[in-house]
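Here is a short report on one protein chain.

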Amino acid sequence: MGNEVDLDSIREDVISKIIELKNRGSGCADLNTGFMSIGFDSSNTFKAFISKVAKADSGDVKKTLLDVKKIVDTLIFKNVAFTNKRVFFYDIPKENLSKIFDSLQKNNEYFLKGENSTSFNYNLIDHDHVETSLVLSDEDTSFKVIYLKSGRNRPDIIHPKNKEHLFGGEFGDIIDITLKVQYVMNAFDFFAFDFKNNILVVGMDLDGIFPTAETNKSQGNYVRDLRKLANLQSLKAKNLRNCVANLEFEKIGSVLNHSFMTADRGFNHAGNSITSNQDIRNDDFHKDGIKDKEADFYGIKKLFPLENDEKVVLTVRMTFRDYKLPNASIYSALIDNVTSYNGLKYAIRKVIEHNHN
């Protein structure tokens, strides 16, 4: 009986994490690779993976479920810790930076201390506060990351199967109904402390999933609370405008997308090679357009290959509409494709390194 309870517990844990991966917008490719590596047939839907876990009943079931759990645990950790983060940078004196870090190690009036600092709790948060979570660092003690867990609204589009009862037949035969719904899911933001450069980075989770208004509201609340926590008169995000051109002119890495206008405003160009991952700076159209001209770059997406096939993608850009406004600024960058702590640190410090005149 004890063994049966244990297997049911494993199944429930794994299925809940697969659902969380789906809700977080994860693709199925990595999950499929992991499942196939332990003997499952190929699948391309989350429903199929859940079914495989629920129906696994042949051979050494416990070993199979534990192998699946290991795969899913690895994928959800990487997704929650590193996927699709919008980052804001703040100059903070070292003593204030240390004060903030130390204050987050215990309960305070702005942040609750989470259950532990060694793992994520993926269960849906059951209160309205922000609590601390996993803490990441390595031998480089000048760079530390504290994750935060809170509830945040996200929209979704659904097509209900049972449609008729929704409108009581008042419209005749209903062929299809699309509903836009909103529900709460966990948001795992982070504070990164760069004690080497005296910079605090606020990283907002799932920029492509959560509505911009929700992200902006939470980010504004963080800034308000951090300012009070460190007794700072003001706290304004750094303007990353200079990063764009500096990343463009840096030789390493591949520019996947960029936007610029020539100094005489005679040529505005926005090109990309996102699907091919080729360096667009080598494109003949770009070379011809920029030949013998000075360009004002206002957007860039750049890929940096790292160890273990990790390919960090860093985006710093504004729209052309914003660019035409006077004194246009860029106050955030987007980090994608990160799969490790070192990749996150690399991306953050790449922005810091290039944000100069």
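A cavity is a set of grid points where a 1.4 Å probe fits but cannot get out. Its volume is the space filled by probe spheres set on those points. The model discussed here is predicted.

**The cavity**

The structure holds 1 cavity of 30 Å³ or more. About 70 Å³ of space lies in the largest cavity. Its lining includes Gly114, Glu115, Asn116, Ser119 and Asn121. Glu131, Thr132, Ser133 and Lys149 also line the space. Strand E2 (residues 131-136) gives the largest share of this lining, 3 residues. By class, the lining has 6 polar residues, 3 charged and no nonpolar.

**Helices H8 and H11**

Helix H8 (residues 241-249) and helix H11 (residues 341-354) have axes that come within 8 Å. These axes cross at roughly 100 degrees. Angles of 65 to 115 degrees count as roughly perpendicular, so H8 is roughly perpendicular to H11. On the H8 side, the contact uses Asn242, Cys243, Asn246 and Leu247. They meet Lys350, Val351 and His354 in H11.

The two residue sets compare by class as follows.

**The whole chain**

The protein chain has 11 helices and 10 strands. Its C-alpha atoms fill a box of roughly 75 × 55 × 50 Å along the principal axes. Of the 357 residues, 47% are buried. Among contacts with a separation of 6 or more, 69% join residues 24 or more positions apart.

Conventions
Residues are numbered from 1 along each chain as its sequence is written. This is a predicted model: local features need pLDDT of at least 70, side-chain atom pairs count only at pLDDT 80 or more; totals for chains, interfaces and linings use all residues. Side-chain values use heavy atoms; hydrogens and water are left out. On a 1 Å grid over the protein atoms alone, a cavity is a set of points where a 1.4 Å probe fits but cannot get out, and a pocket is an open set with protein on both sides within 12 Å along at least five of seven lines; lining residues have an atom within 4 Å of a point. Helices (H or I, at least four residues) and strands (E, at least two) are DSSP runs, numbered from the N terminus. Ala, Val, Leu, Ile, Met, Phe, Trp, Tyr, Cys and Pro count as nonpolar, Asp, Glu, Lys and Arg as charged, and the others, Gly among them, as polar. Axes are lines fitted to C-alpha atoms, for helices over the stretch in contact, and angles run from 0 to 180 degrees between N-to-C directions. Angles under 35 degrees count as roughly parallel, over 145 as roughly antiparallel, 65 to 115 as roughly perpendicular and the rest as oblique. Contact means heavy atoms within 4.5 Å. Buried means under 20% relative accessible area, exposed over 50%, partly exposed in between (1.4 Å probe, protein chains only).
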